[in-house]
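Good morning, and thank you for coming.

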Amino acid sequence: MPTIERIPKTSGDSAYRIQADLVEDGSRTRVWFESNGFPLDDSVDPFVSLALIPSMARHRDILASEPVSTALREHKGPLAEALRWRVPGIRPVTIDAPVRTGFPSTATGVGLFVDGDIDSLGSLVAAGDRITHVIHVHGLRTRLGDFEERRASSDWLERLSAEFGVVPIEVSTNLRDWCDPRVRWEQTHPFGPLAAVAATLSPVLREVWIPGASRIGTYHSGSAHPARLLGTDAVELLPDDAGTDRAGRYELVAERPGASHWLRPCRRSRHASPACGECAQCVEASIALHVFGAFDAGPWVRPRPHCSRISRMTWETETARRTAHRLLNACERRGIDPDLATALRRSLGLEPAAHARPWWHWNRLVSR
Ligand SMILES: [Zn+2]
């Protein structure tokens with residue numbers, strides 16, 4: 001049973017940092033969240049939110065001596081149902097804690113998680129002025145100790161916020177120290193960790209959007225989306241896909257002058273260095289911007305690769321394959337670049353390759 005012991009603040013402590021010890025099987029992990037100058041929720045909610053999916057996956061009840069949001073208690077059943085496809089054997093657990101009542105929330109902000117991928121940028125462009133704050137989290141995808149990376153991300157966030165007229169929030173956290181030994185990252189991410197971070201921001205935000213959530217999977221049909229079920233009484237969580245699929249999000253971003261400058265699609269290179277230009281995300285982004293006529297991208301997107309390279313692409317996920325199809329359709333519809341259309345058709349197996357080569361040859365090129 002994970003027991004959550006919040007570390008109360010003393011007079012000298014920063015309002016911008018909260019922490020708790022998560023004690024389980026005799027081991028104690030101190031989990032903390034820290035913001036760049038925004039007060040954080042001084043309750044146990046963010047930690048319960050964090051512990052919920054790993055605990056339900058391993059059938060461990062949660063114990064806390066401080067009040068916990070009604071929403072977190074009531075949504076355990078639907079949440080287990082919604083995540084059944086992703087976390088085999090998941091089931092609701094007991095949250096043994098007093099009920100949190102009369103939540104004095106007066107926050108009005110609406111936040112959006114951003115990390116430079118097309119999903120977050122698409123949501124930001126599509127949302128217009130409904131978004132008041134953008135949130136970037138250090139310590140989830142990137143290592144906390146990589147200070148060069150953090151500086152680059154902070155700089156990117158600050159300039160992005162100025163461009164879109166929103167307020168930048170940075171949150172750093174070591175929550176992976178607790179999550180990683182207990183649950184596979186792809187089982188809990190992004191819902192659990194992002195919900196915990198969103199809960200910490202209740203003094204500022206009443207609603208937080210999780211971008212690209214529809215791509216996250218075909219969750220159990222008929223159940224609510226898991227992102228919606230992890231909100232607290234104070235902070236509502238909304239999955240958002242900008243009202244379109246991934247190719248549509250590229251089109252939205254391409255249509256807004258200068259927006260593609262903020263795209264950072266690469267998952268291989270670090271944000272401090274330019275895009276690798278080779279990985280599936282890099283190739284997809286450069287093709288999409290080319291097709292939608294917006295090649296004014298910043299240093300994080302390389303120019304479109306040669307067609308021979310594109311024709312050898314392997315679109316590994318269903319979403320990537322569907323996006324490549326949509327880009328091919330757009331390319332043909334717009335009547336631009338017949339060579340690119342041919343290369344895309346070849347990559348999708350709709351047209352035979354120019355020169356047949358053994359499978360390991362292409363495999364080596366793609367995985368390089
Ligand atoms: Zn890349």
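This is a predicted model: local features need pLDDT of at least 70, side-chain atom pairs count only at pLDDT 80 or more; totals for chains, interfaces and linings use all residues.

**A walk through the model**

Helix α4 is followed by G128, whose phi is positive, near 60°. Residues are numbered from 1 along each chain as its sequence is written.

Here pLDDT is the predictor's confidence in each residue, from 0 to 100. The chain averages 88, and 92% of the residues score at least 70. Confidence is highest in strand β6, at 98, and lowest in helix α15 (residues 359-367), at a mean of 57. The element names refer to DSSP runs numbered from the N terminus: helices are H or I runs of at least four residues, and strands are E runs of at least two.

Let us return to α4. Is this helix mostly covered or mostly open? Eight of its ten residues are buried; a residue is buried if 20 or more other C-beta atoms, placed from the backbone, lie within 10 Å of its own, exposed if 12 or fewer, and partly exposed in between. Among the buried residues are I118, L121 and L124.

Now to the strands on either side. Strand β6 (residues 109-113), helix α4 (residues 118-127) and strand β7 make a right-handed β-α-β unit. Right-handed means that, with the strands pointing away from the viewer, the path from the first strand over the helix to the second runs clockwise. The strands β6 and β7 pair in the parallel sense over three bridges, pairing being counted if DSSP finds at least two bridges between two strands. Within this pair, L112 stands opposite V134 in β7.

Why is β7 largely enclosed by the rest of the structure? The reason is that five of the six residues of β7 (residues 133-138) are buried. On to its next partner: β7 pairs with strand β8 (residues 167-173) in the parallel sense over six bridges, and H138 has S172 in β8 as its bridge partner.

E34 in β3 is in turn the bridge partner of R17. Strands β2 (residues 17-24) and β3 (residues 27-35) run antiparallel and are joined by eight bridges. They form a hairpin with two residues between them, and D25 in the turn has a positive phi of about 50°.

Finally, the domains. The domain assignment, which is automatic or taken from a database, gives domain 1 (3-96), domain 2 (109-240) and domain 3 (246-367). The C-alpha centres of domain 1 and domain 2 lie 17 Å apart. Their contact takes 36 residues from domain 1 and 38 residues from domain 2, where two residues are in contact if their C-beta atoms, placed from the backbone, lie within 7 Å. Which elements each supply at least two residues of the side of domain 1 that touches domain 2? They are β2, β3, α1 (45-57), α2 (70-74) and α3 (76-82). Of these, α1 gives the most, with eight residues.
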